[in-house]
Every structure is written in C-alpha cells, then in structure tokens.
Amino acid sequence: MTTKSAIRLLVVEEEQVGTVAADVVLSALPSRQPRIGVATGATPLTLYWELGRRVASGAIDLRESTLVALDEYVGLGQWNPRSFAAYVRDVIAEPLHVAKGRVLVPDGLASDPDRAADAFEEAIATIGGIDVQIAGLGTNGHIGFNEPGSALDSSSRTVELTEQTRRDNARFFGDRLSDVPTQAITQGLGTISRARSIVLVVKGVAKARALQAAVHGPVTPDVPASVLQRHPAVTVIADREAAGELRPREEHHE
Ligand code: F6R
C-alpha cells in the first residue's frame, strides 16, 4: 500500500530560507507558551538570526517559549563552545530572551547517558510535548542524531555516531575528526514524530540525495528522515541546490 505523503515542500532561494522558515515556524506556534524543538548545526542559523531580529524589533515576543534541543554530544557540557547546550544558549535562547529555566538539553556530561536520555524523554512529556520541531537533515538522511538503522518509533536514547556524520561535523571541531565525539543523546524518531508540527530546513547540494530519499523514497529506517512522510504536519524548506534531485511535480515554488 502506498500512502500519499502530506509533506509541504517550499523551494526558495538560499538567502530566503531563514525568513521563510521563520514565517512557517511562527505561524505554527500557539500564541501562549510555545514549546519549540530546536536543531543545532549550520542550516537553521539564518532562521534563528531572523527570529532574533524580529524579537529585537519588537515584532514578536518569544520569552514565554520553552526550547527543547534535539540532541547533545556525549562528553560535552554547556561550557564547551562546541556543545549543543552552548549553541542553544548563545544562538537561540539569549537572542530570543528565553530564560535558562525554559531550556531543555540532554545532559552530555551525565555519568549514565542512558539515564540522561530517559530523563530527557520524560522532561519532554512533562512539558506536554513539542509544538513545533525545527530539524535539519544529515547527508546520510539522519534527523536529530538518528542514524540509518534507527527504529522509526524510537525514543530519546544514546546513539553511536556514524563515521560519515562525524566527518560532516568535523568542521565544527577545527577539522579534527578525532575531536568529534563518537556518541550522542538524541530525541528518537518517535519523539520527533510526536511534535505537533515539524519544520525541516535543508540547504546545499550535499543534502540533495538525502532529501529526495526522505521525501519521495520508501519510509524506512535506512533513511531516518523518511519517517516524516507519516506525519500530518511537516513543512520542508529547501534551497534550490538541496531541491535539485526532487521530482518537479512535487515542488511548490514561492
Ligand atoms: C543538530 C542535528 C542534526 C543536524 C544535521 C544537519 O541538532 O540534530 O541532525 O541538523 O546534521 O547539520 P547541518 O545543518 O550543520 O548541516
């Protein structure tokens, strides 16, 4: 049986990704106390800068938001500038004026990462889940750090990072592969799927094949992002390079 995916696909110029994504995220947020799942990495930077600009201009107020990270490296804590905790604090929470107590990040320094992952999953449930999950796409089709082979209904857990992901992310570690952690705590594919809506931002030719597989390929653990096809409220915002392998009939140019 094939079910038609409900993914909404917006293909825009690279410079527009941040503003279009900001519009989509804001339109999906509830007016009171939104819970926003936040990916880190390079792709959503312009989105966070755009939200920061709108906050600074007084156009929006996100102070009452709760921010929930997608993942964290095992072994890195908030005072390591390469940790996702530092990214969420410096790039997102501070410009959006979200207080520390409203930020949830898995504890990368926990002596028992599996327990920290369970506690993270529980904390997400306790706040009532995530309204809008912002995600990026790995060149191998991962979302969060759910690498190929991840169960489509997985919960937050400790994972081993693939060589490809560690190589892709070595650019954040001074190009020293040996400095890139080998494990992470990530929201699971089931966790991500429970968000009320999901906004996937994708840029660059290196993501084109993964995006095609995620949007139009079979739903399979081999392409973790393909789980998004089962979600009723997913918007993909892709630049032209990332969209280069997509079948044109599915595109909605804006
Ligand atoms: C980051 C995350 C990852 C990234 C993905 C793309 O929190 O969960 O899935 O979104 O690896 O990273 P960039 O945007 O740096 O290419």
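**Stop one: around a helix**

Start with helix α4: its buried residues pack against β3 (66-69), β5 (103-104), β7 (157-160), β8 (183-186) and α6 (189-193). Helices (H or I, at least four residues) and strands (E, at least two) are DSSP runs, numbered from the N terminus. This is a predicted model, where local features need pLDDT of at least 70, side-chain atom pairs count only at pLDDT 80 or more, and totals for chains, interfaces and linings use all residues. Residues are numbered from 1 along each chain as its sequence is written, and side-chain values use heavy atoms, with hydrogens and water left out.

Now select P113, A116, A117, F120, E121 and I124, the buried ones in α4 (buried is under 20% relative accessible area, exposed over 50%, partly exposed in between; 1.4 Å probe, protein chains only). Why do they sit on the same side of α4? Because they cover an arc of only 140° around the axis, taken from the directions from the helix axis to the C-beta atoms.

Zoom in on E121, buried with a relative accessible area of 17%. Leaving aside neighbours within four places in sequence, E121 is in contact (heavy atoms within 4.5 Å) with S155, S156, T191 and R194.

**Last stop: a strand**

Select β1 (residues 8-12), where four of the five residues are buried.
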